[in-house]
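Subject: Structure for you to look at

Hello,

Here is the structure I promised to hand over. Please open it first, then read my notes below.

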Amino acid sequence: MIPLSYYITVSTVMFVIGLVGVLIRKNFLIILFSIELMLNAANINLIAFSRHHGEIDGQVISLFIITIAAAEAAVGLAIIIVLFRKKAVTNVDELNLMKW
Amino acid sequence: MTELLFFLYFAVLTIVSSVLTVGLRSPVYCALALLSTLLHVAGLFVLLHAEFIAALQVIVYAGAVVVLYIFVIMLLDLKTVEKFLHKQVGIAIFFGVVLIFEILIGLFQSPLFSSAPKVIAQTEAPIGNTAEVGIALFTKYLLPFEIVGIILLGAVIGALVLAKKVPAS
């Protein structure tokens, strides 16, 4: 039986890697990848706690998170395609249309 | 002992491939590293006795979402650029490490970890994990389940409307 704290350590490290990825990368696609990493870290936490407490609720909620991540991927990729068609860049530094 | 060995394998590979996901230069390699991360996270879910979620992770994430990402990367024909990181990379990594320690110290100080785990109820369940998730999904979580369906429909319509070619007028 692996202690709960091991899983929480893994998910914390993974979440922070995703956060740093959002901060340092310029490519729009990699930023979406980093968001997926953070959502997965949340899933690990939910399932580890669901096991710890012997309840099934955490698994059901992580199911919802997977669904939302799929929806987010679809809409994010549609936005990337529209942007690429208009400006032919994926660098987030050059996308400053809504900046004032 | 074997369980711990498998846990260490999956945990180390998860973290290494998530570092590669944000650190590699070419977007295709990043997508493949993300695929590896998701598969190893599915291994962690199996170790936590969440077999249904592990299967779903492989099917939905690794099978559908990452393939969609790779498809878009191929479609866009992205060029690998030299400067792929922002200037503030040093500051971001420093504060990331600080944040890891802050969260972990905060968690391990909490009374959460002194409580003994209650695992007997789940491991001795006569019905399987999938049946258990299904029962919870269709009784206690019926309304959220329906709402998630509507969100997915909205995402499909939104993606279609966004990606539709605007007729030149």
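Start with one pair of side chains. B:Lys140 forms a salt bridge with A:Asp57, and their closest N and O atoms are 2.5 Å apart. In general, side chains of opposite charge can pair when their charged atoms come close. Where do the two partners sit? A:Asp57 lies in helix α3 of chain A and B:Lys140 in the loop between α6 and α7 (142-163) of chain B, so the pair joins two chains. The count between chain A and chain B is one salt bridge. Over all chains, the count also comes to one salt bridge. Keep in mind that this is a predicted model.

Now the whole interface. The contact takes 71 residues from chain A and 82 residues from chain B. The size of an interface is often given as the accessible area lost when the parts come together. Here, chain A and chain B bury about 6,900 Å² between them. Of that area, 78% is on carbon and sulfur atoms. There are also 11 residue pairs in polar contact across the interface, both residues at pLDDT 80 or more.

Which elements of chain A give two or more residues to the side that touches chain B? They are α1 (4-24), α2 (28-53) and α3 (57-87). α3(A) gives the most, with 25 residues. By class, this side of chain A has 46 nonpolar, 16 polar and nine charged residues.

So much for the totals; next, follow α3(A) to two helices of chain B.

Take α6(B), residues 129-138, to begin with. The axes of α3(A) and α6(B) come within 9 Å and cross at roughly 75°. The two helices are therefore roughly perpendicular to each other. From α3(A), the contact uses A:Gln59, A:Val60, A:Leu63 and A:Phe64. From α6(B), it uses B:Asn129, B:Val133, B:Ala136 and B:Leu137. This contact has six nonpolar, two polar and no charged residues.

Then look at α7(B). Its axis and that of α3(A) come within 9 Å and cross at roughly 10°. That makes α3(A) roughly parallel to α7(B). The residues of α3(A) that meet α7(B) include A:Phe64, A:Ile68, A:Ala71, A:Val75 and A:Arg85. Among their partners in α7(B) are B:Phe145, B:Val148, B:Leu152 and B:Ala159. By class, the contact of α3(A) with α7(B) has 17 nonpolar, one polar and one charged residues.

Best wishes

Terms used. Residues are numbered from 1 along each chain as its sequence is written. Chains are lettered from A and ligands numbered from 1 in the order in which they are written. This is a predicted model: local features need pLDDT of at least 70, side-chain atom pairs count only at pLDDT 80 or more; totals for chains, interfaces and linings use all residues. Side-chain values use heavy atoms; hydrogens and water are left out. Contact means heavy atoms within 4.5 Å. Buried area is the accessible area (1.4 Å probe) that two parts lose on being put together, summed over both. A salt bridge is a side-chain nitrogen of Lys or Arg within 4 Å of a carboxyl oxygen of Asp or Glu. A polar contact is a pair of N or O atoms within 3.5 Å; within protein, one must be able to donate a hydrogen and the other to accept it, and residues adjacent in sequence count only if both atoms are side-chain atoms. Helices (H or I, at least four residues) and strands (E, at least two) are DSSP runs, numbered from the N terminus. Ala, Val, Leu, Ile, Met, Phe, Trp, Tyr, Cys and Pro count as nonpolar, Asp, Glu, Lys and Arg as charged, and the others, Gly among them, as polar. Axes are lines fitted to C-alpha atoms, for helices over the stretch in contact, and angles run from 0 to 180 degrees between N-to-C directions. Angles under 35 degrees count as roughly parallel, over 145 as roughly antiparallel, 65 to 115 as roughly perpendicular and the rest as oblique.
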